[in-house]
Amino acid sequence: MFRFSKTILVFALFGASTAAFAFDNFKGIGRQATPAEVKAWDIDVRPDFKGLPKGSGSVDKGQELFEEKCASCHGTFGESNEVFTPLVGGTTKDDMKTGRVKGLSSGELPQRTTFTKVATISTVFDYIQRAMPWTAPKSLKPDDVYAILAYMLNLSEMVPADFVLSDKNIGDIQKILPNRNGMTTDHGMWTGASAAKGGIGNGGKPDTSNKACMKNCKTEVKVASSLPDYARTAHGELYDQNRPFGPVRGTKTLGGEAAAAPAAVSPAMEMATKNGCMACHGVNNKIVGPSYNEVLSRYKDQTDAEDRLVAKVKAGGQGVWGSIPMPPNGHLKDEDLKTLVKWILSGAK
Amino acid sequence: MGDIVKQPGRLRPAPENFLSEDQVKAVATGRRDFLRKSFLAAGAAMAAPMVARASEGDINILENPAWTTSLGLPVATNPYGVPSKYESQLLRRESPGLARVGGASVSFAPLQGLFGIITPSGLHFERHHQGWHDIDPSKHRLMVNGSDDSLLKKPKVYTLDELMRMPSASRIHFIECGANTGLEWGNVAVPTVQYTHGMLSCSEFTGVPLKHLLEDCGVDYKKARYVLAEGADGSSMTRTIPMEMVESGEVLVAYGQNGEMLRPENGYPLRLVVPGVQGVSWVKWLRRIEVGDKPYATKDEAVHYIDLMPSGLHRQYSSVQEAKSVITTPSGGQTLLDQGFYNVSGLAWSGRGRIKQVDVSFDGGINWKTARLEGPIQNKALTRFNINWVWDGKPAILQSRAMDETGFVQPSYGQLRAVRGTKSIYHNNAIQSWKVIESGEVSNVQVL
């Protein structure tokens, strides 16, 4: 009897301790993170600005940085559509008052830019700090991020040209953000607790309610949309995207010749793709930088072109094709750079 | 076509199995010497007897082929096996014009030719935001910390060596990008099921339930109701995950995929598995887990992966992939060979649990028949369905409609648009329609 109750006591204590205190449950596994380690990786910034680093930056400084590090892909005014949807535009002074971007409901917006959507300024700070510039993420210091964001806010006509953004006044920006009231969580697609229970949303209640009708479910079949002709061929030869045996064949969309096996990708093309060159250069089309064929026609009669271009690609730079700079490509081996430039100068095939 | 039809041992027409394109054309245009010509090329001495024998039956039966009359290749010729050289058609493909740069793009899985429910790892769809890397596992770390010290007793760091010593679980789950079928919200835009539904894959994942790690760090579940997952790539992708899912034990820190390690494109050496939730939350190259008391509104839950409603409001933190299905055979961009019997086959899935029933219509949704589900039916996994069909050569519109264990039935386009309009981009789970015309060609249409 005595022993029995003692066991119960031990169990009760153990039970209580697992709920509240137990950790380090797997002997020898994992170790405590040092404060420096946590600081190095924990850079996220929340909507309530938890995690926001101290610092500041002016619109002027931001413009300088933006032109140097961002404009090549996003355009000098954050308006470019070439690499990604525009960052800036589509918001009005009136939206800043209401906190709802009117163009979103009126259908007047040609494009949803970043600032037409975002409801939390922390999001933009956090994202630029962690991920931009796209080819050199995490290279910006907090002051750089403040400055660049100040410039973007100025482009959005939210702050004047002499504005300095800092950890002190970023909260004021939140209060005038054009789409700050533009989000709803009143839906059933959050997979945690509902808002009523301190979480998000309506607790998983779906917004459509079809029935599994089996017989004579409707009187007519309305085909609302069919595949447009251009879309039938826009994805290449569909015959080649299916097995040549089995219950069906791919439909021949391009005709005989095109159905031949696609040409193998050259090793140099693969190298250019792997190293990000194709993000900015097309073989026949300008993207951010000139097309390879334009490069070829400019240099084809110059005997020293190869060496000069290798040096240029390695160091990066601007001015030959316009004001947009090419970032440095020092991470590539010299022999690989040579291979790439040789390939470009022989037609990029 | 008379000669072809009379040749024994083969079904009509499917001539490409037996005769080359040119041979078929030669027959069609009445050039009767086609057989002799091609056999001469193959070997003059053999030609005459083979032509003679062709009338007795299928040469593929009457003449033993090389693989039956010679020695094959030794073991480990391919130390890591690869598909047959005849299987060059089913590849991950991009949709032209969808994204402007390959590092922030999508490649779609070729659902039109896959069987069962497991996606071969090399054909798993891809979505990267800042390119992919092949990360050195000996240098990869997983950090678990709290948004402040009161939420977690002890922030910890784990190596792969350590994670792979911990209790593991292996489970089959689908992963679908929130933007799957997103091109089709307003109207038909793409020709095949690869491009309509191919941001969908299903694998067996192996890893450590995240719950074990959080508890090992002394998480305070009372205060910490959200988890931030962060990747080690340039984008350091971040998403907010509800603690309820973690506590249920279903969220895994996975290293295994289909019996081997994850593929680099799918997050090697570590990714989060968040069953039933859109792919963007399954953070790849996972390097950090933070527990917090509030959601994080990261870029991919505050600027993207938000659903635009007709009111102009965006739905934020929409996460679950609701019940959905699609017929994969026959599907858009395919042509039926002939009238007669077909096994119509497709996939159904739900982020809210198991699939209970799939119905198929051959008349655009007027009448429906219940399909066979191939078991075992798994939680938040693809489920394969099949149904018999005899095509009479007349036009038809094929549809499938999934019901999950909650009783939720996949909506029609009309029903979905009535609530969400046409600009939402994300979470399009409408019933897919494939139209079959007399020629046997199948194409993508939308029925309200």
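**Cysteines and the make-up of chain B**

In this predicted model, a disulfide joins A:Cys213 and A:Cys217, with 2.1 Å between their sulfur atoms. The count over all chains is one disulfide. The torsion about the S-S bond of A:Cys213 and A:Cys217 is about -100 degrees, so the disulfide is left-handed. A:Cys213 has a relative accessible area of 27% and is partly exposed. A:Cys217 is also partly exposed, at 27% relative accessibility.

A:Cys70 takes part in no disulfide. Its nearest cysteine sulfur belongs to A:Cys73 and lies 9.0 Å away. A disulfide requires sulfur atoms within 2.5 Å. A:Cys70 has a relative accessibility of 13%. That value is under 20%, so A:Cys70 counts as buried.

A further cysteine was examined in chain B. The closest cysteine sulfur to that of B:Cys202 is in B:Cys177. The separation is 16 Å, which is too far for a bond. B:Cys202 is buried, with a relative accessibility of 0%.

Chain B as a whole was then described. Chain B has 448 residues, and 62% of them are buried. Its secondary structure consists of 11 helices and 24 strands. Contacts in chain B were considered between residues at least 6 apart in sequence. Of these contacts, 70% join residues at least 24 apart. The accessible surface of chain B is about 16,700 Å². Carbon and sulfur atoms account for 56% of that surface.

Conventions:
Residues numbered from 1 in each chain as written. Chains lettered and ligands numbered in written order. Predicted model: local features only at pLDDT ≥ 70, side-chain atom pairs only at ≥ 80, totals over all residues. Heavy atoms only, no water. Buried < 20%, exposed > 50% of the residue type's maximum accessible area, 1.4 Å probe, protein only. Helix = DSSP H or I, 4+ residues; strand = E, 2+ residues; numbered from the N terminus. Contact = heavy atoms within 4.5 Å. Areas by Shrake-Rupley, 256 points an atom, 1.4 Å probe, with all protein chains shown as cover.
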